[in-house]
Each structure stands twice: as C-alpha cells, then as structure tokens.
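Hi everyone, thanks for coming. Please have a look at the model on the screen, and then I'll walk you through a few spots in it.

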Amino acid sequence: LTNHSSGKMGYAIADSALRAGADVTLISGPTNLNPPGVTKLHSVTTAEEMLRGVNEIIADMDIFIGVAAVADYRPKTVRSEKLKKSDASIQIELVPNPDILASVTSRSSPPFTIGFAAETTDLVPNARKKLREKKADLIVANTVGQGGVPFGTEFNSLILIDHRDEIDLGSGTKQLLADRLIMEIAPRYYATNPSSHS
Ligand code: PMT
C-alpha cells in the first residue's frame with residue numbers, strides 16, 4: 001500500500017505460515033507478485049478497503065500479522081477526471097487513514113497481534129514505542145538502509161521485539177527471515193493460548 005512496498009515480506013510470511021500448517025487469509029494491496037496458495041486471498045487497493053477486509057474476517061483469526069506499509073494519510077478528495085495544468089500552485093488536503101493494527105488490538109478479544117516497524121533512526125526505541133502505542137503482542141523491526149532496503153528488495157534484517165526482550169533474527173532473504181519469524185511467533189502464541197496447542 002505504498003509506492004515502495006512490494007508485498008515481498010508479507011507474501012513470504014504467508015508462505016511460511018502455510019508451510020508451518022496454518023490456515024492463512026491474505027489481505028493484500030496491489031503487487032506484481034504471484035500470491036502464495038493461501039487458504040483465502042482478498043485483494044484491496046486502499047487502506048479503508050483493507051480495514052473492511054480485516055473487519056470481515058478478524059473474529060475468526062487466532063493470529064494477525066500486519067506487514068503492509070499502510071499510508072498514514074490519503075487525499076481528502078479523489079477526482080475522476082484529469083487535473084488541468086496551470087501555472088498556479090495547488091494544495092492537496094490529506095486526511096488520516098484508519099490505523100488497521102490499532103483497530104485489531106482494540107477489539108474486546110483481539111487475536112495474538114504482530115505489527116511491523118520500518119525505521120530510519122533509533123530502530124529499537126521507535127519500534128518499542130509502536131509496540132506500546134499500538135498494544136501489539138510483538139513488533140518486528142526492520143532497519144531502512146541504503147537504497148531504501150528492505151522496501152522492494154529480496155533481503156531484510158529483522159529484530160523481534162516483545163514486551164521484555166529483543167531477539168535478533170539476523171539478515172537474509174525475506175523467505176528465510178519469514179521462516180524464522182513464524183518459528184518465533186508460534187511458541188509465544190501458544191504460551192498465551194495454551195488451550196489451542198494440539
Ligand atoms: O513489501 P516489501 O517491499 O517486502 O517491504 C516490507 C516492509 C518494509 C514494508 C515491511 O517489512 C514493513 O516494515 N512494514 C511496516 C512498515 C512501517 O513502518 O509501518 P508503520 O510504522 O507505518 O506502521 C506500523 C504498523 O502499523 C505496521 O504493522 C503497519 O502495517 C500498521 N499500520 C500502519 C498504518 C495504518 N494506517 N494502519 C496500520 O495497520
């Protein structure tokens with residue numbers, strides 16, 4: 001849901017979760033990728049559509065992972081016709097988009113919720129702030145480095161942050177890191193939901 005995000009990280013996580021035996025519903029913004037063979041795929045183009053898609057399914061979900069780089073703002077008005085060029089400067093009014101992750105964690109019985117944070121500075125403190133403010137169970141922090149990495153590339157470096165610790169998941173392909181991430185999420189989910197472990 002941004003110009004720079006490709007969906008690679010999210011699709012890799014959906015694929016890892018499938019291979020780990022989960023039923024996976026993938027709600028995806030536009031990408032050029034072939035989606036993994038998930039249980040259910042819901043394609044959206046705007047943050048509001050993504051929120052509606054999440055609201056439709058979230059009551060049945062045990063775990064929610066929010067990977068999309070959802071735009072924080074959207075234009076207040078959208079024209080159906082081309083804007084004519086003139087010499088005058090123009091202003092575009094932006095209004096805040098709904099915060100999908102925060103809406104999930106503010107439910108009366110939220111699923112185990114994991115958010116992502118891409119930060120250019122102070123990675124861990126900023127990600128930890130998001131963990132608290134968004135009331136997520138876990139935040140996955142990725143450093144934004146040279147050339148916009150990890151946006152759109154095959155590679156990433158991740159640190160998993162919970163309310164006590166930081167776990168360095170290392171660097172590598174998004175698929176390798178997605179596999180490591182799912183292996184870390186599973187025991188933490190079962191620790192908070194012991195009855196669901198079969
Ligand atoms: O798709 P790729 O090219 O592979 O790139 C992957 C990625 C870099 C986009 C991904 O790994 C990542 O870091 N995604 C989150 C980017 C980010 O910094 O998000 P944020 O700080 O704007 O939001 C924090 C969390 O809130 C995220 O889980 C986000 O999905 C969620 N959010 C944000 C805004 C909003 N309106 N609704 C949300 O749910």
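**A short tour**

Let's start with Asp 122, which is exposed because its relative accessible area is 55%. Here, buried means under 20% relative accessible area, exposed over 50%, and partly exposed in between, using a 1.4 Å probe and protein chains only. Before we go further: this is a predicted model, in which local features need pLDDT of at least 70, side-chain atom pairs count only at pLDDT 80 or more, and totals for chains, interfaces and linings use all residues. Residues are numbered from 1 along each chain as its sequence is written, and side-chain values use heavy atoms, with hydrogens and water left out.

Back to Asp 122: you'll find this residue in the loop between E6 and helix H4 (123-133). Those labels are DSSP runs numbered from the N terminus, with helices (H or I) of at least four residues and strands (E) of at least two. The phi of Asp 122 is near 45°, a positive value in a residue other than glycine.

Where is Lys 135 found? Lys 135 sits in the loop between H4 and strand E7 (138-143). Its phi is also positive, near 55°, and again the residue is not glycine. With a relative accessible area of 61%, Lys 135 is exposed.

Now for the rings. A pair of aromatic rings is described by the distance of the centres and the angle of the planes. Rings of Phe, Tyr and Trp (its six-membered ring) pair if their centres lie within 6.5 Å; planes under 30 degrees apart count as stacked, over 60 as edge-to-face, and the rest as tilted. How many aromatic pairs does this rule give? The count comes to two. Phe 112 and Tyr 189 make an edge-to-face pair, 6.1 Å centre to centre with 65° between the planes. This pair links distant parts of the chain, 77 residues apart: Phe 112 is in strand E6 (residues 112-119) and Tyr 189 in helix H5 (residues 174-192). Both Phe 112 and Tyr 189 are buried.

Tyr 189 also pairs with Tyr 190, and that pair is tilted: 5.2 Å centre to centre, 55° between the planes. Are these two tyrosines, Tyr 189 first, buried or exposed? Tyr 189 counts as buried because its relative accessibility is 7%, while Tyr 190, at 29%, counts as partly exposed. Put together, Phe 112, Tyr 189 and Tyr 190 form one aromatic cluster.
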